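Load the model in your viewer and keep the sequence panel open.

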Amino acid sequence: MPSSLTRPLADLPVRRLTRDDLVPCADLSEERGWPRDEHRWGLLLTAGTAYGIDDPEGKGLMATCVVTSYGPDMAAIGMLLVAGRYGRQGVARHLMHRVIDSTGGAPLSLYATPAGRPLYEELGFRTVGRTQRVSGHFRPASEPGSRTTGGQPGPDDVTGLTVRPATAGDLPAMLHLDSEVSGLDRMQLLARLPAFADHLRVAEDNGELIGYAALWPSSDNHVVGPLIARDTATAKLLVISLAGATDRPLRADVDARHEELLAWFAECGLEPGSSTTIMTLGTPPPPGDWTRRFAPLSVATG
């Protein structure tokens with residue numbers, strides 16, 4: 001039988017979560033039918049500010065939510081989860097009010113599932129875009145490509161671009177490109193990316209860094225993201241290089257406006273799955289250049 005709250009929501013204390021809460025966070029993800037993703041939770045609990053409500057019955061966490069701040073210009077909200085036994089009792093609304101208050105009026109963004117979208121709309125969030133999830137075993141389509149180094153070779157050299165494993169020396173150029181594309185300072189997140197990702201690639205054109213992409217583990221999949229590139233052709237080359245480094249199925253959450261990339265993923269064997277709605281509060285559409293922003297780090301962090 002589902003549990004019912006026996007105390008007012010206002011009396012449920014919201015506390016900051018730490019890395020000591022990693023396992024309860026993963027337990028809650030699993031209970032809600034999501035991958036445990038302890039690896040991703042580790043990143044979120046260090047790069048972001050996580051909030052939670054303890055289960056009054058002593059069964060771990062009742063609810064979680066994570067805020068990743070990018071300074072006064074934007075904060076991303078993700079991982080709003082409520083234990084199934086406390087569903088439809090106002091817990092998510094209670095936690096979201098507390099989280100929104102904690103951001104001090106900063107513009108907010110999030111990726112809403114169909115189930116969560118009505119709540120966010122009631123809180124004042126508005127729709128600014130959509131992502132499309134694709135997943136499956138990657139089978140490269142035959143088309144011109146670039147040189148690749150460090151990993152599986154790519155297609156024949158036609159474009160003259162080079163895709164290679166990232167090094168520590170690439171971080172300044174990656175941060176510069178990312179700030180142009182995202183319109184935000186995401187150093188605290190990107191600085192952790194080399195340790196978080198299993199594989200990290202950069203694309204260069206005559207020595208100029210024009211794209212980067214990461215591959216990180218989630219359950220029995222590998223997730224592509226972030227994926228930042230000068231154009232669709234460069235994005236494809238980065239994906240080909242990353243796909244050649246794993247035998248696992250790939251997963252990516254792609255900005256739905258990138259129809260050419262989505263069609264190419266379908267040609268390469270990845271099938272469409274769930275979709276999320278990109279929503280913002282207190283801001284115009286997300287800053288930066290969406291034409292070069294193909295996939296986020298995750299739908300939890302933007």
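Select strand 3, residues 61-69: eight of its nine residues are buried, so the strand is largely enclosed by the rest of the structure. Buried means under 20% relative accessible area, exposed over 50% and partly exposed in between, with a 1.4 Å probe and protein chains only. Helices (H or I, at least four residues) and strands (E, at least two) are DSSP runs numbered from the N terminus.

The model is predicted: local features need pLDDT of at least 70 and side-chain atom pairs count only at pLDDT 80 or more, while totals for chains, interfaces and linings use all residues. Residues are numbered from 1 along each chain as its sequence is written, and side-chain values use heavy atoms, with hydrogens and water left out.

Two strands pair if DSSP finds at least two bridges between them. Look for Thr-49, which stands opposite Val-67 of strand 3. Six residues separate strand 2 from strand 3 in a hairpin, and Gly-58 in the turn has a positive phi of about 75°.

Strand 4 runs antiparallel to strand 3, and six bridges join them. Which residue of strand 4 is the bridge partner of Thr-64? That partner is Leu-81. This hairpin has five residues between its strands, and Gly-71 in the turn has a positive phi of about 85°.

A pocket is an open set of points on a 1 Å grid over the protein atoms alone, with protein on both sides within 12 Å along at least five of seven lines; a cavity is a set where a 1.4 Å probe fits but cannot get out, and lining residues have an atom within 4 Å of a point. Grid points are joined across faces, edges and corners, and a volume is the space filled by probe spheres set on the points.

The largest pocket has a volume of about 1200 Å³. Its lining has 47 residues; Leu-80, Thr-113, Ala-115, Gly-116 and Tyr-120 lie nearest its centre. Strand 4 gives the most to this lining, with six residues.

Last, select Arg-186, Leu-189, Leu-190, Leu-193, Pro-226 and Leu-297, which line the largest cavity. Its volume is about 30 Å³, and the whole structure has one cavity of 30 Å³ or more.
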